[in-house]
Amino acid sequence: MFGLFRRNKTENIIGLPSHQLTLISVSEQLKSMKLVDFEMADQSLEEVYEWLSQQDRHHWLNGGHFNLKQQPRGKFQLHLSRHLGSDSLPVVLTNNTETLLHSLPLLHTPRRELGIIHIGRRFELKAPLEPDIGSAYHFALSRYNECRLFCIGIDNSQNDERSIEYAEDLGCDWMTMQECGFSHRFHVKQQLASYLSHCEDIVVNIDLESLYPSARLESASWLDVQMVSRMLRQLLISGKVRHIQLVGYKDKHLYSKQTLNLLHDMAEMFPVNHRAA
């Protein structure tokens with residue numbers, strides 16, 4: 001597992017922007033989250049950030065760890081804006097999908113379609129009065145008219161009928177987990193290409209839990225990391241990805257082989273000759 005970040009093979013993909021990859025970790029406590037759960041998430045994210053930042057330094061710029069309970073959210077946004085406004089591609093590790101709501105004001109531009117690609121089991125379309133766990137895209141789509149949502153890997157057993165109807169009302173696109181298997185790879189590629197053709201900019205959110213079995217005995221309840229890597233590669237080659245967010249806080253997800261493979265694949269997609277010394 002640890003050897004994944006020690007490899008130094010690179011792929012100089014024609015057409016791929018010469019971005020630097022910046023690793024940032026963020027912890028945020030939402031309304032329904034217990035303090036003890038937040039503190040555990042904050043500790044795990046800070047530790048995994050420190051560990052990752054020491055691994056493949058040749059590929060990653062260190063963006064720092066932000067605790068949004070102790071630090072002003074504006075400080076994180078200002079820091080992120082500096083990377084978004086440069087040739088850097090921020091990759092944010094966070095414990096909540098809702099952290100994306102701090103990034104959208106920086107990415108949203110009138111008359112430019114901003115596509116959000118969510119890779120995970122659930123729609124994240126709860127409609128509370130203020131942001132809470134599972135509400136990220138309700139607020140994103142209600143606040144920004146130019147946002148489009150494409151959910152990949154939806155597990156119908158984890159979404160009630162009301163969520164599905166709300167997704168239809170909002171005009172969301174989605175593919176179920178069963179439709180994202182390796183045997184459907186060409187169809188997935190076609191759907192992504194169609195979605196990309198309608199967007200000027202792209203934000204990618206990956207729920208790390210969806211790459212891991214939801215129950216030990218379940219045999220087909222997670223997304224194949226090989227498929228997710230193929231999707232990510234296609235998105236990055238488009239040159240439209242502005243921001244990537246990885247959501248997870250449990251050690252079994254943060255340190256999993258699937259997560260490390262994704263981070264390693266991202267690093268290998270960018271030529272190393274553009275890294276700062």
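## A helix across the strands

Start with helix H7, which lies across strand E3 (88-94), E4, E5, E7 and E8 and runs at about 155° to E8. Some ground rules for these words: helices (H or I, at least four residues) and strands (E, at least two) are DSSP runs, numbered from the N terminus. Axes are lines fitted to C-alpha atoms, for helices over the stretch in contact, and angles run from 0 to 180 degrees between N-to-C directions. Contact, here and below, means heavy atoms within 4.5 Å.

Keep in mind that this is a predicted model, where local features need pLDDT of at least 70, side-chain atom pairs count only at pLDDT 80 or more, and totals for chains, interfaces and linings use all residues. Residues are numbered from 1 along each chain as its sequence is written, and side-chain values use heavy atoms, with hydrogens and water left out.

## The sheet

Now for the strands. Strands of a sheet pair through backbone hydrogen bonds, either parallel or antiparallel. Here, eight strands make an open sheet with parallel pairing, in the order E2-E1-E3-E8-E7-E4-E5-E6. Two strands count as paired if DSSP finds at least two bridges between them. The edges are held by strand E2 (60-67) and E6; each has a single partner strand, so one side of each has no neighbour in the sheet. From one strand to the next, the twist averages 15°.

Ile154 has its bridge partner in E6, namely Thr176.

## The nonpolar cores

A nonpolar core is a set of buried Ala, Val, Leu, Ile, Met, Phe, Trp, Tyr and Cys residues joined through side-chain atoms within 4.5 Å. Buried means under 20% relative accessible area, exposed means over 50%, and partly exposed is in between (1.4 Å probe, protein chains only). The largest core has 47 residues, and those with the most contacts inside it are Ile117, Leu236, Ile244 and Leu246. Which helix gives the most to this core? That's helix H7 (residues 225-237), with seven residues.

## Aromatic pairs

Rings of Phe, Tyr and Trp (its six-membered ring) pair if their centres lie within 6.5 Å; planes under 30 degrees apart count as stacked, over 60 as edge-to-face and the rest as tilted. A search of the whole structure turns up four such pairs. In one of them, Phe123 and Trp174 have ring centres 5.1 Å apart and planes at 85°, so they sit edge-to-face. Phe123 is in the loop between strand E4 (114-119) and helix H4 (136-143), while Trp174 is in strand E6 (residues 173-176), 51 residues apart. Phe123 is buried at 1% relative accessibility, whereas Trp174 is partly exposed at 26%.

Phe150 and Tyr195 make a tilted pair, with 5.1 Å between centres and 45° between planes. Phe150 belongs to strand E5 (residues 147-154) and Tyr195 to helix H6 (residues 185-196), so this pair ties together parts that are 45 residues apart in sequence. Phe150 is buried at 3%, and Tyr195 is buried at 4%.

## Salt bridges

Side chains of opposite charge can pair when their charged atoms come close. A salt bridge is a side-chain nitrogen of Lys or Arg within 4 Å of a carboxyl oxygen of Asp or Glu, and the search finds five of them. Asp201 bridges to Arg112, with the closest N and O atoms 3.2 Å apart. Asp201 lies in strand E7 (residues 201-207) and Arg112 in the loop between helix H3 (100-107) and E4, so the bridge joins parts 89 residues apart in sequence. Is Asp201 buried or exposed? Asp201 is buried, with a relative accessible area of 8%, while Arg112 is partly exposed at 33%.

Arg242 also forms a salt bridge with Asp201, at 3.9 Å between the closest N and O atoms. Arg242 is in strand E8 (residues 241-247), 41 residues from Asp201. Through shared partners, Arg112, Asp201 and Arg242 join into one network.
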